Amino acid sequence: MSIASKANALWEYANPKKFLTTTERVLPFFWISSAVFIVVGLVWGFFFTPDDYKQGSTVKIIYLHVPSALMAINCWIMMLATSLVWLVRRHHVSALAARAAAPVGIVMTLIALATGAIWGQPMWGTWWAWDPRLTSFLILFLFYLGYVALWEAIEDPDTAADLTSVLCLVGSVFAFLSRYAVNFWNQGLHQGASVMRVGAVTGTDTEEKVSNIFFFPLLVCIIGFVLLFIALVFYRTGTEIRARRIKALIARERVNG
Amino acid sequence: MMPDLGKYADTVLSAYAASLFLLVALVVLSILRGRKVRAEMEKVEKRMSRNG
């Protein structure tokens, strides 16, 4: 099978029935594996890693803070991709997938902000600072809230999908800034990337990096969060597809009298 | 076998409690809404097939 035909095969999942059949089949794998990875990663990190020489036991917050922050940004990127698919190809499943992912992104952003504030208090001496990364993350959180509110506020689903897709395009600037703000504005309290940087993991660059003793349980947690995100988005998209079908059936029932 | 968290025990435990609460709430609320919608769809489909 050529790459082009493989890519074309992806569009089959724009069919709600095909999407539901496939996701129902793979969902148990994603639920179970995400639970296993998250539990193993957190237990490993919490119980079996030492304190950091600078940050003491607060380093254990990394196992929740980093995966949730990563997923908060990646969730918006996924929403951007599905919104573009909606705008270009008008596949309803992609618009519903973006809608289904938004509350997951809200929770991930909230966890990142809350754990960041709790961690920042003893390390920086403050819960909050108007630092580039923190501020862009807060704005991303507000964009998530606005996105969900816009879906709820508009009656016609296609208009709602159009407008939320445009909002998603605009908000992508802040998803991008949340990741790279530290690099653009070399100021603020938040450190630069010390995990998702190839050189930081392999040791080829000399900047500060996360020690492998913390990195491996962190990697397990990140995999767990990614799997949980996939499980939640599949399940919640299935819910949105069914909710849309209920509306269509009731409308048809009314027309038929 | 609780590890000794020292003077940061409150900080670490409150971060874990808040995060796990939010994660569990997200999963539980997603599943509850999913079940409700699935049950409603079955009901509507049955009614539709009964009424032709």
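Reader: Which way do helix 3 of chain A and helix 8 of chain A cross, left-handed or right-handed?

Author: Their crossing is right-handed. A crossing is left-handed if the near helix is turned anticlockwise from the far one by less than a right angle, and right-handed if clockwise. Helices here are DSSP runs (H or I, at least four residues), strands are E runs of at least two, and both are numbered from the N terminus.

Reader: Thanks! Before we go on, what sort of model is this, and how are things numbered?

Author: This is a predicted model, in which local features need pLDDT of at least 70 and side-chain atom pairs count only at pLDDT 80 or more, while totals for chains, interfaces and linings use all residues. Residues are numbered from 1 along each chain as its sequence is written, and chains are lettered from A and ligands numbered from 1 in the order in which they are written.

Reader: Back to that helix pair. What's the angle between helix 3 and helix 8 of chain A?

Author: They pack at about 40°, with their axes 9 Å apart. Axes are lines fitted to C-alpha atoms, for helices over the stretch in contact, and angles run from 0 to 180 degrees between N-to-C directions. That angle makes helix 3 of chain A oblique to helix 8 of chain A. As for the word, angles under 35 degrees count as roughly parallel, over 145 as roughly antiparallel, 65 to 115 as roughly perpendicular and the rest as oblique.

Reader: And which residues meet there?

Author: From helix 3 of chain A they include Tyr63(A), Met71(A) and Cys75(A), and from helix 8 of chain A they include Phe214(A), Phe225(A) and Phe229(A). Contact means C-beta atoms, placed from the backbone, within 7 Å. By class, this contact has 14 nonpolar residues, one polar and no charged ones. Ala, Val, Leu, Ile, Met, Phe, Trp, Tyr, Cys and Pro count as nonpolar, Asp, Glu, Lys and Arg as charged, and the others, Gly among them, as polar.

Reader: How many helices and strands does chain A have?

Author: Chain A has eight helices and zero strands. Of its 257 residues, 40% are buried. A residue is buried if 20 or more other C-beta atoms lie within 10 Å of its own, exposed if 12 or fewer, and partly exposed in between.

Reader: How about the largest nonpolar core, how many residues does it have?

Author: The largest nonpolar core has 71 residues, and those with the most contacts inside it are Cys75(A), Ala101(A), Val104(A) and Leu140(A). Such a core is a set of buried Ala, Val, Leu, Ile, Met, Phe, Trp, Tyr and Cys residues joined through C-beta atoms within 7 Å. Elements giving two or more residues to this core include helix 4 (92-124) of chain A and helix 1 (9-50) of chain B. Helix 4 of chain A gives the most, with 18 residues.

Reader: What does Val104(A) touch?

Author: Not counting residues up to four places away in sequence, Val104(A) touches Cys75(A), Phe229(A), Leu232(A), Val233(A) and Leu26(B).

Reader: How do helix 4 and helix 8 of chain A cross?

Author: Their axes come within 8 Å and cross at roughly 125°, so the two helices are oblique to each other. Helix 4 of chain A passes helix 8 of chain A in a right-handed crossing.

Reader: New topic: is Trp127(A) buried or exposed?

Author: Trp127(A) is exposed, with 12 other C-beta atoms within 10 Å. This residue is found in the loop between helix 4 and helix 5 of chain A. Leaving aside neighbours within four places in sequence, Trp127(A) is in contact with Ala117(A), Gly120(A) and Gln121(A).

Reader: And Arg133(A), buried or exposed?

Author: Arg133(A) is buried, with 23 other C-beta atoms within 10 Å, and is found in helix 5 of chain A.

Notes: Two residues are in contact if their C-beta atoms, placed from the backbone, lie within 7 Å.
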